[in-house]
Amino acid sequence: MFGQMQYESVEVLPDGRVTFRLCAPAAREVRVTSNDVDYAIPMGIGGGERGLPMTKDATGLWSATTTVPVAADNYRVNCEVDGARVPDPLAVTFSRERTGINSTFEIFGPDGAFQSYDPKVAHGVVSRIDYWSTALGARREAFVYTPPGYMNGTGNYPVLYLVHGAGDSADSWTSVGHANYILDNLLAQGAAEEMIIVMPFGHTPVRQDENMLANTDFGDDLHGDLIPYIDGKFRTIADADHRAMAGLSMGGAHTLRFGLTRPDVFSHIGIFSMGLGLAGPSDVADYVTQNRDSLARAAEEAELVYYAMGTDDFLYGSVAPTRAMLDENGIAHIYKESDGGHTWINWRRYLHDFLPRLFKD
């Protein structure tokens, strides 16, 4: 039997394919699963097979190899062992979801270098904070990136509030999204402004009969507790001109509801892989009716509204009604359309394109 460190659990082959291994002698069925690399590890959407089936050798070691090369990037992965999801026991990097945890692996190469750790550049610090939310009556967490030099400096910085999606957690923008490395690399190139990034927990305590996207809990916590906490504990420039909000999927919905409609708080807005109108025209009409005055003010005061979507995203149908709403309310925006779907492969690239646009004179 293999000992704990006697096999390589993730091996990148010379042709770019990836072999996964797991020692589980007593298991009956094992497969590799991931939501990040569907072309190589199927997600099973539409009834197809989910994951990569693994085969066991005489020693109890299971293995599976992708049929195609895996592009340079950062990925979440797990093994499903007799129906139970198991992170790679030999992994050294992990990423939380709303519930549960994934192991992660990174494939290095020029196409992924923008989001990889580079030992040649200066690096910021990512801190985890706890704060009390009076709005929710609960302890909350957030991750805060401060740029290189912050710890030994005295200057104040603009702030980006960056929110994850419905399946993710407060650490997702760093553990799998590599937001900290993306900004480190941009700063080293002189391509972005120095800033603090606050990555809050996007979920709020479950309340009976409340849709997680159709209540004000996150916004109440963000505006009533988190922003005042950050401005009180960190060296921020505490005005709308130096504050931005962006998010992916559920975080994009939060940004539409609690960012775009608050031009008194945020001057820069980023919406990734989310939109209005999939529930019908009334979805857009209700949003406009509830926020008409705020949208009119955003049309006058917003310095940047950035909207990005993949053409294979299951939410792609929301693009046209959302852009029409922005146009009809006089809100100028930049639209970024990419290949691919609702994945971190896109979201990291949207962030890389978005960050250099922030807080320009």
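Mentor: Two strands pair if DSSP finds at least two bridges between them. Strands themselves are DSSP runs (E, at least two residues), helices likewise (H or I, at least four), and both are numbered from the N terminus.

Trainee: Where do the residue numbers and atoms come from?

Mentor: The model is predicted, so local features need pLDDT of at least 70 and side-chain atom pairs pLDDT 80 or more, while totals for chains, interfaces and linings use all residues. Residues are numbered from 1 along each chain as its sequence is written, and side-chain values use heavy atoms, with hydrogens and water left out.

Trainee: What makes strands E7 and E8 a pair?

Mentor: E7 and E8 (residues 84-86) share three bridges, and the rule asks for at least two, so the two strands count as paired. The sense of this pairing is antiparallel.

Trainee: What lies between E7 and E8 in their hairpin?

Mentor: Two residues separate the strands of this hairpin. Asp82 sits in the turn and has a positive phi of about 50°.

Trainee: How do you know that E3 pairs with E7, and in which sense?

Mentor: Strand E3 (residues 30-33) is joined to E7 by four bridges, and at least two are needed, so E3 and E7 pair. They run antiparallel. Val30 has Val81 as its bridge partner in E7.

Trainee: What joins E7 to E10?

Mentor: Five bridges do, and E7 and strand E10 (residues 101-107) run antiparallel. With at least two required, E7 and E10 therefore pass as a pair. Val77 has Ser103 as its bridge partner in E10.

Trainee: Why is strand E7 called mostly covered?

Mentor: A residue is buried under 20% relative accessible area, exposed over 50%, and partly exposed in between (1.4 Å probe, protein chains only). In E7 (residues 73-81), nine of the nine residues are buried.

Trainee: Which residues of E7 are on one side and which on the other?

Mentor: In a regular strand the side chains alternate between the two faces of the sheet. On one side of E7 are Asp73, Tyr75, Val77, Cys79 and Val81, and on the other Asn74, Arg76, Asn78 and Glu80. Both faces of E7 are covered, with all of these residues buried.

Trainee: How many aromatic pairs does the count come to?

Mentor: The count comes to 16 aromatic pairs. Rings of Phe, Tyr and Trp (its six-membered ring) pair with centres within 6.5 Å; planes under 30 degrees apart are stacked, over 60 edge-to-face, the rest tilted.

Trainee: Why is the pair of Phe272 and Phe354 called edge-to-face?

Mentor: The ring centres of Phe272 and Phe354 are 5.8 Å apart and their planes stand at 85°, so this is an edge-to-face pair.

Trainee: What does the pair of Phe272 and Phe354 tie together?

Mentor: Phe272 belongs to strand E16 (residues 268-272) and Phe354 to helix H7, so the contact ties together parts 82 residues apart in sequence.

Trainee: How do you know whether Phe272 is buried or exposed?

Mentor: Phe272 has 0% relative accessibility, so it counts as buried. Phe354 is buried as well, because its relative accessible area is 0%.

Trainee: Which residues do ring pairs link into a cluster?

Mentor: Trp173, Phe272, Tyr306, Trp344, Trp347, Tyr350 and Phe354 are linked in this way. Phe272 and Phe354 are thus members of a cluster as well as an edge-to-face pair.
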